[in-house]
Amino acid sequence: MKVAVLTSVRNDSVFLDLWLRYYGRLFGPECLYVVLDGFDQPLPDAVPAPNLLRVPFVPAERSVADRRRARLISDIARGLHRLYDVVIALDVDEFLVPDPDRYTDLSALLARTLAERNVSSLSGLGLDVAQHTGEEGPIALDRPILGQRRFAHVSTRYTKPAISFAPVTWGSGFHRVKRRNFHIQPHLYLFHLGMMDHATATARSGDSDRIAGGWTNHLRRRQKAFDIVAGTPPGDFDETTRTARRVQTLLRPPYAWNKPLMPGAPRVVRIPERFHGIV
């Protein structure tokens, strides 16, 4: 089984280092493909380095830039599918993790799914990990993140069809595959770590490129993750996520039939110890 993992990045060296370590450990750095958005971006310090594609940074409004990025990544992934059995495309702060009670790691899950070969793409259940500012201190980047961070908001925003077994065309933000349905794997999670540290998230909100691109309101909405995690009693992890998968599979927004929907009050879970130390 040959697996390629693909992302793009601008002004996110903290998450790029985490991303390279996690996916490099699973598949080898030679299988990682990073699009550096702008020739002003520093090269990663990883040794051996991943495969890099440096492209010009073209300022644009957020929605326009997101669509353009999705098209570029889809085109690159389409070419990689000529060489790889599986291509994973996701943001640099997103980490696919199978339930360790079911699979030893992501590679084992992909091998099983590839053998069945009954879907063109696969989603994990989205978990938006955020610092519980009342219980958790600043993040220590020299230690695993999961364990330092023990709470997550179950979010349709991060239930993404990030894994492709055949060429697909992703929509803006990789939130859907155009003209195709999505399938949530029963034991796979997508941990979004963008809100893992209040100080880091606040610094990202002040990034001049994001402000110029109209990201201010979007980032302000993301900041609500801290309030949700701190203000919502956590439910049982296995029961809550099982229900969320069922709801997100059955319900769809009227404007996008191939994206998940989960109405109602926010659902927060405490991340079980079996996940601690994986990322």
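Guide: The protein chain exposes about 12600 Å², with carbon and sulfur atoms supplying 52% of it; accessible areas come from the Shrake-Rupley method with a 1.4 Å probe, and for residues only the protein chains shown count as cover. Please keep in mind that this is a predicted model, in which local features need pLDDT of at least 70 and side-chain atom pairs count only at pLDDT 80 or more, while totals for chains, interfaces and linings use all residues. Residues are numbered from 1 along each chain as its sequence is written, and side-chain values use heavy atoms, leaving out hydrogens and water.

Now to your patch: L250, L251 and L261 make a nonpolar surface patch of about 260 Å². Patch residues have over 30% relative accessible area and no salt bridge, with nonpolar side chains (Val, Leu, Ile, Met, Phe, Trp, Tyr) joined within 5 Å and like charges within 9 Å; a salt bridge is a side-chain nitrogen of Lys or Arg within 4 Å of a carboxyl oxygen of Asp or Glu. L251 sits in the loop between α7 (237–250) and β10 (268–270). Helices (H or I, at least four residues) and strands (E, at least two) are DSSP runs, numbered from the N terminus. L251 is partly exposed, its relative accessible area being 36%; partly exposed falls between buried, under 20%, and exposed, over 50% (1.4 Å probe, protein chains only).

As for the setting, the protein chain has seven helices and 10 strands, and buried residues make up 52% of its 279 residues. Its C-alpha atoms fill a box of roughly 45 × 45 × 40 Å along the principal axes.
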